[in-house]
Amino acid sequence: MTALHDATLALAPDATDDDVVAIPLRRPWRWISAAVVLLLVAAFASSVLTNPNIDFAAIGEFLFDPRILEGVWLTLLITAISMIVSTVLAIVVAAMRLSSNPVLSTVAWFYVWAFRGTPLLVQIVLWGYLGLLYAKLTVGIPFTDVVFWQVNTNELISAFVAGLLALTLNQAAYSSEIVRAGMLSVDEGQREASYSLGMSPLYTFRRVLLPQAMRVIIPPMGNETISMLKNTSLLSVIAVLEIYTQATVISSQNLKQVELLIVASLWYLFMTSVLSIPQYYLERRYGRGTSRTLPPTPLQRVRRALATRRPAPAPAPETKEVSVV
Amino acid sequence: MSATAPISPTVAEAPARALVEIRRVRKSFGAHEVLRDVSLAVPEGTVTVLLGPSGSGKSTLLRCINHLETIDGGRIIVDGELIGYRQAGHNIHEMTPKQIARQRRAIGMVFQRFNLFPHLTALENITEAPIGIGGVPRARARARANELLDRVGLAAFAGHYPAQLSGGQQQRVAIARALAMDPKLMLFDEPTSALDPELVGDVLDVMRELARDGMTMIVVTHEIGFARGVADQVVFMDGGVVVEAGRPEDVLDHPQRQRTRNFLESVR
Ligand SMILES: Nc1ncnc2c1ncn2[C@@H]1O[C@H](COP(=O)(O)OP(=O)(O)OP(=O)(O)O)[C@@H](O)[C@H]1O
Ligand SMILES: [Mg+2]
């Protein structure tokens with residue numbers, strides 16, 4: 001104890017020389033570049049906000065117009081249905097691609113090749129014209145006269161269904177490649193370990209391989225969902241009344257094209273922002289076991305921040321006295 | 001390489017009944033003959049250690065025993081049941097995946113690289129198969145898993161994910177996972193080869209205890225000390241044939257074949 005004390009004393013005379021402050025390098029360009037960018041942003045904002053040709057009242061008026069809200073609802077519905085169905089289909093196509101059966105993998109390859117290799121817009125229009133191609137749709141045994149069920153194509157395939165089909169089949173081609181990449185990312189040892197425990201191939205796929213592939217699959221699928229949401233606007237070519245079509249229908253009457261495009265854009269921005277929330281939580285769910293500790297959710301972060309901020313930063317000696325008394 | 005006749009092809013004279021009988025098993029990958037007429041018997045409740053240079057077919061033989069690999073000829077019989085095939089006339093026909101899966105439940109396997117399920121905790125790794133395919137009620141499976149974790153010295157790690165465990169701990173969880181299906185036979189493929197030297201002991205201790213409890217085990221390992229202390233039978237393989245088989249003191253200390261001698265020299 002005393003030896004330590006002496007050592008500290010011995011150091012004391014020089015200690016003032018070591019009591020220095022480190023000054024970081026000044027970076028003027030950071031300030032200058034930030035100022036330039038801010039100026040440009042401000043100029044653009046003012047050009048929009050003070051533009052006499054934009055009727056801001058109209059934007060406010062139509063933002064919650066019942067037709068627009070209906071369009072929003074239909075956009076969400078189409079996005080949800082086609083994402084869900086296409087994902088199921090994508091898992092099947094990916095399993096076919098990875099299958100050792102050459103017929104299955106070739107058919108899957110062709111499917112992806114055809115649907116990925118042609119523009120979505122063309123596919124949508126084609127599905128819209130399906131009634132021209134096949135007047136009747138029949139469920140029966142191929143190449144025989146046995147018919148279980150038959151319907152006029154135009155009765156069954158409304159514009160809505162044609163749009164759903166187009167988006168779903170196209171998306172399944174893209175998603176199947178994402179699923180396949182996810183499956184390939186899982187170590188072969190996982191399958192062997194599962195089999196050695198007596199799991200069937202299907203059980204192994206469902207409980208061991210797929211959950212691990214999900215970690216790789218979810219981030220790009222989040223992207224795909226957002227693309228899908230925006231791609232629903234293409235259905236305007238076959239007159240599906242999603243939000244973009246609704247906006248153009250309204251603006252063709254009142255000629256406020258820009259205002260209604262802004263209304264639609266605001267809704268798209270809102271919807272895509274909201275969509276990134278479930279993605280975040282799905283990533284956490286399937287990320288289990290990969291990082292040693294999971295980062296806190298935004299909610300947990302807010303709670304923690306509040307918890308640390310709440311107690312007043314009282315000086316240390318004071319609290320000490322209080323606890324003694 | 002000429003297929004030399006093994007000195008003692010089977011341990012037929014052993015008193016216990018053979019739990020595993022391998023008869024003239026052949027296996028090729030393309031033109032490469034990996035197993036050539038391999039025959040071997042493993043009496044119930046005994047430990048067989050498989051030794052041999054890299055590429056001699058040890059892993060392949062082990063993987064044929066639980067039908068992770070198909071065979072081209074011969075027979076593998078575990079507990080009186082033909083593995084992966086059923087006899088029809090002179091030939092044997094491969095079973096359906098479902099039937100094979102059922103047979104595999106009685107055969108535990110431990111891998112060099114652990115192969116734990118990374119998305120499940122240690123406990124869930126152990127309970128997945130009993131609950132999902134064994135039909136064991138959740139509460140009972142969990143209780144049993146905790147018991148097994150305790151047995152491998154990892155009672156405190158039930159909630160840890162594999163990434164949070166050391167290699168030695170992961171391998172012990174993998175052993176517990178295999179044991180959870182109550183196998184009659186345990187196969188170990190170089191269970192300590194991927195481990196840091198200081199972690200090898202813990203895994204070997206668990207295996208020793210398992211052997212003491214009467215588990216029938218086939219172990220591929222280069223741990224000669226383990227073979228000497230635990231094995232009832234040591235089998236030396238080279239070039240897809242059993243070169244020499246017998247009691248550890250015979251094969252390890254008085255090998256009859258030059259190839260065995262050379263190999264033992266190299267691992268010492
Ligand atoms: N799936 C496969 N396809 C083609 N060849 C294979 C396959 N698996 C194993 N082989 C070959 O079979 C031979 C025996 O392999 P095996 O893994 O059984 O050897 P091993 O005795 O376990 O060797 P090691 O000590 O290196 O693990 C090797 O030459 C290997 O290249
Ligand atoms: Mg091997």
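## Close-up views of a predicted model

**View 1. Aromatic pairs of chain A, including one that holds Phe110(A).** Phe110(A) is partly exposed, its relative accessible area being 45% (buried is under 20%, exposed over 50% and partly exposed in between, with a 1.4 Å probe and protein chains only). This is a predicted model, in which local features need pLDDT of at least 70 and side-chain atom pairs count only at pLDDT 80 or more, while totals for chains, interfaces and linings use all residues; side-chain values use heavy atoms, and hydrogens and water are left out. Residues are numbered from 1 along each chain as its sequence is written, and chains are lettered from A and ligands numbered from 1 in the order in which they are written.

Over all chains, a search of the whole structure finds eight aromatic pairs (rings of Phe, Tyr and Trp, its six-membered ring, with centres within 6.5 Å; planes under 30 degrees apart are stacked, over 60 edge-to-face and the rest tilted). One of them joins Phe64(A) and Trp267(A) edge-to-face, at 5.9 Å centre to centre and 85° between the planes. Phe64(A) sits in the loop between helix 3 (56–63) and helix 4 (66–98) of chain A, and Trp267(A) in helix 13 (residues 257–286) of chain A, so the pair ties together parts 203 residues apart in sequence (helices are DSSP runs of H or I of at least four residues, strands runs of E of at least two, both numbered from the N terminus). Phe64(A) is exposed at a relative accessible area of 56%, whereas Trp267(A) is buried at 13%. The pair of Trp109(A) and Phe110(A) is edge-to-face because the ring planes stand at 90°, with the centres 5.2 Å apart. Trp109(A) is partly exposed, at 40% relative accessibility. Ring pairs also link Phe64(A), Trp267(A) and Phe270(A) into a cluster.

**View 2. Ligand 1 and the residues of chain B around it.** The shell consists of Phe29(B), His32(B), Val34(B), Pro53(B), Ser54(B), Gly55(B), Ser56(B), Gly57(B), Lys58(B), Ser59(B), Thr60(B) and Glu190(B) (a residue is near a molecule or strand if one of its heavy atoms lies within 4 Å of it). By class, three of the shell residues are nonpolar, seven polar and two charged. Polar side-chain atoms approach oxygen atoms of ligand 1 from Ser54(B), at 2.6 Å, and from Lys58(B), at 2.8 Å. In Ser59(B), a side-chain N or O atom is 2.6 Å from an oxygen atom of ligand 1. The protein buries 60% of the 640 Å² that ligand 1 exposes when taken alone (accessible areas come from the Shrake-Rupley method with a 1.4 Å probe). Two or more shell residues come from each of strand 2 (32–43) and helix 1 (58–65) of chain B. Helix 1 of chain B contributes the most, with three residues.

View 3. Residues 71–96 of chain A are 100% helix and 0% strand, with end C-alpha atoms 37 Å apart. Residues 234–254 of chain A are 57% helix and 0% strand, and there the end C-alpha atoms are 22 Å apart.

**View 4. Gln258(B) in helix 9 of chain B.** This helix covers residues 258–267. Gln258(B) is partly exposed, with 46% relative accessibility. Its side chain makes a polar contact of 2.9 Å with the side chain of Arg261(B) (a polar contact is a pair of N or O atoms within 3.5 Å; within protein, one must be able to donate a hydrogen and the other to accept it, and residues adjacent in sequence count only if both atoms are side-chain atoms). The C-alpha atom of Gln258(B) is 9.9 Å from that of Val243(B), 15 residues away along the chain.

**View 5. Positive phi at Leu255(A) and Asp37(B).** Most residues other than glycine have a negative phi. Leu255(A) has a positive phi, near 60°. Leu255(A) lies in the loop between helix 12 (243–254) and helix 13 of chain A and is exposed, with a relative accessible area of 59%. For Asp37(B), phi is near 55°. Asp37(B) belongs to strand 2 of chain B and is partly exposed, at 38% relative accessibility.

Key:
Nonpolar A, V, L, I, M, F, W, Y, C, P; charged D, E, K, R; others polar.
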